[in-house]
Amino acid sequence: MRSSNHLIGLLNFMTFLLSVIILGGAIWLSSRANSTDCLKFLQWPLIVIGASIMVVSLAGFAGACYRNTFLMWFYLFVMFFIIAALIGFIIFAYAVTDKGSGRPVINKTYLEYYLPDYSGWLRDRVVDEGYWAKISSCIRDSKTCSKMGRSFNGVPETYDMFSMRKLSPIESGCCKPPTDCGYVYVNETLWNPGGGLVGPDLDCSRWSNDQQMLCYQCDSCKAGVLGSLKKSWRKVSVINIVVLILLVIFYVIGCAAFRNNKKIDNDEPYGEARMTKAQPSRIHL
């Protein structure tokens with residue numbers, strides 16, 4: 001087996017490993033979709049891309065091992081479109097999570113999230129009543145809020161301690177009322193109106209001490225979900241960018257190695273132009 005075939009086989013094996021990394025990121029998103037972010041369609045493009053890279057890299061590996069030109073052509077042809085799809089997915093992920101972030105609160109470590117800070121396709125998807133019913137039910141079933149309770153030596157967490165906690169976007173948006181509402185802290189998920197009055201924010205009237213309701217219908221909860229999605233997608237996008245760069249490098253090297261193979265198959269010395277092999281015809285006078 002020629003050295004270029006060995007190189008193509010090695011590149012395909014490394015591409016296979018990269019597909020495992022992409023699928024790992026998709027599985028991580030899927031696990032968060034089932035327990036934290038609760039939006040279950042965003043991981044599917046990554047799963048499709050990762051599975052496609054895995055299948056195509058195996059085809060290219062087989063083509064390199066058995067010197068099957070069709071499989072090697074198939075690998076290079078399909079991989080080009082997979083790389084294009086991965087570029088498109090990365091751009092899409094950054095575009096839909098571009099706007100919005102948590103706002104700092106005075107004398108608090110945690111951030112608070114506001115729906116008007118977000119816009120675009122992903123926001124419209126989250127606030128859709130049909131989707132939100134499923135998302136809020138998922139958050140409730142995940143028991144994210146009920147797991148917030150803390151105690152120290154048997155003593156429940158005080159308000160000052162709670163204020164110093166770094167809450168997740170969903171904990172901040174869904175498990176407590178907005179700070180501007182002026183509710184009085186009892187425990188992590190139990191807050192009483194201060195002096196019988198609440199702030200002008202509509203979320204202030206949506207808050208409920210019913211542990212099955214809390215702020216699951218609040219705009220702050222929807223904003224918290226968007227903030228959590230942004231964090232998750234940005235983490236996966238960093239990995240995808242690294243994988244994309246490596247895929248492009250492997251693809252370029254693979255193309256060069258495949259071209260070298262074709263030259264050898266045509267008995268064409270590497271680096272020597274085809275015209276140098278042709279002998280000029282003799283002219284008989």
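Guide: Let us begin with a term: a residue counts as buried when its relative accessible area is under 20%, as exposed when that area is over 50%, and as partly exposed in between. Please keep in mind that this is a predicted model.

With that cut-off, Glu 112 is buried, because its relative accessibility is 4%. Its partner in a salt bridge is Lys 176, and the closest N and O atoms of the two are 2.5 Å apart. Glu 112 belongs to strand E2, while Lys 176 sits in the loop between helix H7 (169–174) and strand E5 (184–187), so this pair ties together parts that are 64 residues apart in sequence. Lys 176 is buried too, with a relative accessible area of 1%.

Next, look at Arg 103 and Asp 117, whose side chains meet in a salt bridge at 2.8 Å, N to O. Arg 103 is in strand E1 (residues 103–104) and Asp 117 is in the loop between strand E2 (111–112) and helix H4 (121–127), so the parts joined here are 14 residues apart in sequence. Arg 103 is partly exposed, at 37% relative accessible area, and Asp 117 is also partly exposed, at 24%.

Another pair is Arg 165 and Glu 157, with a salt bridge of 3.0 Å from N to O. Arg 165 counts as buried at 8% relative accessibility, and Glu 157 is buried with a relative accessible area of 5%.

Finally, find Asp 203, Arg 206 and Asp 219, which are linked in a network of salt bridges. The count of salt bridges comes to five.

Methods. Residues numbered from 1 in each chain as written. Predicted model: local features only at pLDDT ≥ 70, side-chain atom pairs only at ≥ 80, totals over all residues. Heavy atoms only, no water. Salt bridge = Lys/Arg side-chain N within 4 Å of Asp/Glu carboxyl O. Helix = DSSP H or I, 4+ residues; strand = E, 2+ residues; numbered from the N terminus. Buried < 20%, exposed > 50% of the residue type's maximum accessible area, 1.4 Å probe, protein only.
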